[in-house]
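Open the structure in a viewer and keep the selection panel at hand.

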Amino acid sequence: MENQKTNNKESKEDSDILVSTPEQDELISLLTKRFPSVPDININHLQEDIELIIESKNIKSTCRLLKDSSELNFNYLECISLVDYEEKLEAVYHLTSFKLKQSLVIKTSISVENPEIDSVIDIWRAADWFEREAHDLFGVTFLGHPNLEPLLLFEGFEGYPGRKNFPINDYKEW
Amino acid sequence: MEINKTINSDNVDLMINMGPQHPSTHGVFRLLLNIDGERIIDVKPHIGYLHRGSEKLCENERYAQVVTLFDRLDYVANLNMELGFCLAVESLMELDIPDRASYIRVILCELNRIASHLLFYGTYGLDVGAMTPVLYAFREREKIQGFFESITGARMMHNYFRIGGIKEELPDDFNNRLSLLLDEVSQGIEECDMLLSKNEMFLARTKNVGIISASDAVDFGVSGPNLRASGIARDIRVSKPYSIYDRFDYGIPVASSGDCWDRYYVRLEEIRQSIKIIKQAMSQMEDGPILAKVRRIARPPKGEIYFRTESPRGDFGVYLVSDGSDKPYRVKVRAPSFANLQSLQYLLKGAYIADAVTILGSIDIIMGEVDR
Amino acid sequence: MIGFLTGLFVTMKTGFRRPVTAQYPDPEKRIKVENRFMGFPSLTWDYDVEEPYCTGCMVCVRECPTECMTAKMKDNPLFSEGKSRRKKIIDEFEINLGRCILCGICVEVCNFDAIEMSHEHELSKRVRNGNRFGLQQLLKLGIKFQSNTNWQPKQPEKNSGVPVKKVDEE
C-alpha cells in the first residue's frame, strides 16, 4: 500500500464540473480516506460509476485494499475489459460492492511494447477466465496467473485478434 | 488456482473427455474430467468452439448493424441481448426513449425471459433423465415464439429493437393475443411445476448436489438465478433499475442452499414474476410514439459506458467505447454465462461423475454467449 | 410418491387434449407463418409499368451487415420511351441467401419499396452456392410473395413508376 503514495496527482473530485450523488460522495470520501494520495478519481456522469485511474504496477495492491477493507468490500468482480488505444492498452476492471451497493471502475494503462500486469486471481477467482480471455485476444501477460493457456482461441493461433492492428478479414466467396 | 475442497486422491486416475459434441453440454462445450472411482477430482473446461469474434466484428459494423450481432450472443434470449446494447448506446447518447417503446421492450424481454427459462426447464429435465418435461416446456415456448413471430417477424433472431425505440408498431390483435398467451403460459408453468419439481426421483438427483455457498458464488462472479439460488438477492432490475423496471411491483425469488434444485426452482419462480411484470406493463401501456427522434445513422458522442442489464442468465454488461464515429470503437460483453461457467470447476470437484451433467445443466449456459 | 403421482396426473390429463404438433412437410397440415414473418429477401415487381421497383441505388448493399448483396444499375430503357418514371433501373442483383441473416435491415432502409422480406424460408439446395439468387430468381420470389399476401407499396405515390404525373407537371 505504500506504493500508492508514489503517485501524487491532484484528485479531481473538487472540480466544479463533476456532479455527484450523496452515495458517490460517500464512496469518494471512503476512497480518499483509504488512498491518502488518491491517484485520480473520475465520475462518468453517464453510468454513475466512479472511476479510479491508477498505475498498472499498483493494480494488485489497490484491488487487495478495495476488497479487504471492511467498509469498501468490493467483493464482486464483474468484468475485466481491455481496450486497445493503439499507443497504449487500457485494462478496465468493473467492481461492485454488495455492501455499499456501489460500483467502481479501475482503469490502468498497459504499454503495448511490454504488455504485462499483475494478475488479480488471488483476490477474485472470477478473474481467471477474464484474464485468460484478455491474454488470448490482446496478448497481455498476467503475472502470477497459474494457467494462461488459450481459452477462446485454439492453441497455436498467431496474433492478437482483439487489437486494432489485427485485420478484420474480408469475406471471400468460395 | 486454489480450490479449497480437499480430496483424497492416492491413486489416480482416469480421464474422461466429455464433449464438445455431447448431447447434454448445451452447445459445443468440452470437459476433461479426471476421475478417481466415481469421484471427479479435477476438471478442465474447454470453451471457444463457438468463438466468432463478435466483439471484434462489432468494431466493423455500424451501431444499427451491431444489434444483429447481439441477437446471436445469447441465442435463446435474443431480445434481452438487444435491450442491453440499445440501452448502452442510448445512455451514451443520452436519449429519452418514448414510454410506449419502453413498455413494449419490457413486455417482450420478459416474455423472452420466460421462453429462456422454459428452455432451461425442458433441457434440465433431459439432463437429469426425465423425458417428458421438455415436451411441455417446448409447447409453451413454441407459443411464445409464435407470438414473437407475429410481432418481430422472426422467431429467434428478431433485430426488433432500434437505437431510440423499436422497429415497428405492434399488430392490432396484440393485447388479445398476449393476454391469451399469458393465461396459457401460466397454466403451462403450473403443469410444468407439478410435473417435475416435487418428483421424488428429480429431488434425489438435484437436492444437495452441486452446492455453492454465497461467498464462493460471489467470488467466482456468478450472477443471476445462480447467485440468487445461493441466497443473495441481487437483481439489476431492482438494485439498479434500467429502462422502466422501477414502475413494476414484483419479487425476486431467492433460495438459500445453492444446490441444483434451488437453481432450478428459482428460475421457475422467476417465470411467475415475469408474468406479473408483463401483466402490469400491459395495463400501464399507453399509445404514443415508438421511436425517439434519432438520425438514421447513430453517432454517439465520444465516451464510454458500462451498462448492466439483467439477462435471464444474470448480469449482462455491455462496455461500449465510442470515438464519435458511426461504428463503436470497442464493445466488450460481460456475458453472464461466461462467469457462471467458471464456477463449474469448483462445483464439479468432489462431485460424483453421474452428477456432472446435473450440475452443468443447472448452471444454464448458452455457448453463444460464453464464447462470443 | 406424491410428487411422482402428481406428475403422472399431469401427463394423463394431457392425453385428453388436442395435439399441438403439426405435420411439417405436408403443405396442408403445417403451421402457417405469421403475416410479419421475415423470410428471405425478394425484389418486388411494379405491375403498373411491368418493371422492378428497384432502381439499384445500392443503399441496401451498403447497409447489409453481412455484405451478402451486390447490385448494378443501368439506364432505364422504358424511361427514354416515356413509359416509366424511373430513370435508372436495376441491371444485376445478387443476394447470397446462404449468407443472409434475415435481419430485415435492407427492407428498412429501402426508399423505393423495392425489397421485401418474403415468406420463403425453405431453400435447401443440392449444389454449393445454389442459394446465390440472381435478379430473376429474386423477382420470382417477390412476385410469389406479392400475390400471396396482396402486397402494396408503403409509399405508393412516391414510388409508383407510372409516368402520368410527371407528364402533367411538365
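A pocket, on a 1 Å grid over the protein atoms alone, is an open set of points where a 1.4 Å probe fits, with protein on both sides within 12 Å along at least five of seven lines; its lining residues have an atom within 4 Å of a point. The model is predicted, so to speak of local features takes pLDDT of at least 70 and to count side-chain atom pairs pLDDT 80 or more, while totals for chains, interfaces and linings use all residues. Residues are numbered from 1 along each chain as its sequence is written, chains are lettered from A and ligands numbered from 1 in the order in which they are written, and side-chain values use heavy atoms, with hydrogens and water left out.

**Stop 1: the second largest pocket**

Select A:I168, B:R52, B:G53, B:S54 and B:L57, which of the 50 lining residues lie nearest the centre of the second largest pocket. The space here is about 1300 Å³, a volume being what is filled by probe spheres set on the grid points, which are joined across faces, edges and corners. Next, colour α3 (127-138) of chain A, and β3 (39-46), α1 (54-58) and α2 of chain B; each supplies at least two lining residues. Helices (H or I, at least four residues) and strands (E, at least two) are DSSP runs, numbered from the N terminus. With four residues, α1(B) has the largest share of this lining. By class, the lining holds 20 nonpolar, eleven polar and 19 charged residues. Nonpolar covers Ala, Val, Leu, Ile, Met, Phe, Trp, Tyr, Cys and Pro; charged covers Asp, Glu, Lys and Arg; the others, Gly among them, are polar.

**Stop 2: the largest pocket**

Show α5 (132-152) and α6 (174-197) of chain B and α5 (135-149) of chain C, each of which gives at least two residues to the lining. Which helix gives the most to this lining? It is α5(B), with nine residues. The lining divides into 16 nonpolar, nine polar and 15 charged residues.

**Stop 3: a helix pair in chain B**

Select α3 (78-93) and α4 (99-128) of chain B, whose axes come within 8 Å and cross at roughly 140°. Axes are lines fitted to C-alpha atoms, for helices over the stretch in contact, and angles run from 0 to 180 degrees between N-to-C directions. Show side chains for the contact (heavy atoms within 4.5 Å): B:N78, B:L79, B:N80, B:L83, B:C86, B:L87 and B:E90 from α3(B), and B:R105, B:L108, B:C109, B:N112 and B:R113 from α4(B). These comprise six nonpolar, three polar and three charged residues.

**Stop 4: a sheet in chain B**

In chain B, display the open antiparallel sheet with strand order β6-β7-β8. Strands pair if DSSP finds at least two bridges between them. β6 (303-311) and β8 (330-334) are the edge strands, each pairing on one side only. Neighbouring strands are turned by 15° against each other on average, direction ignored. β7 (314-322) and β8 of chain B pair over five bridges; pick B:Y319 and its bridge partner B:K332.

**Stop 5: a sheet in chain C**

Finish with the open antiparallel sheet β4-β5-β7 of chain C. β4 (69-75) and β7 (132-133) each have a single partner strand, so one side of each is left without a neighbour in the sheet. β5 (88-96) and β7 of chain C pair over two bridges, and C:I95 stands opposite C:F133.
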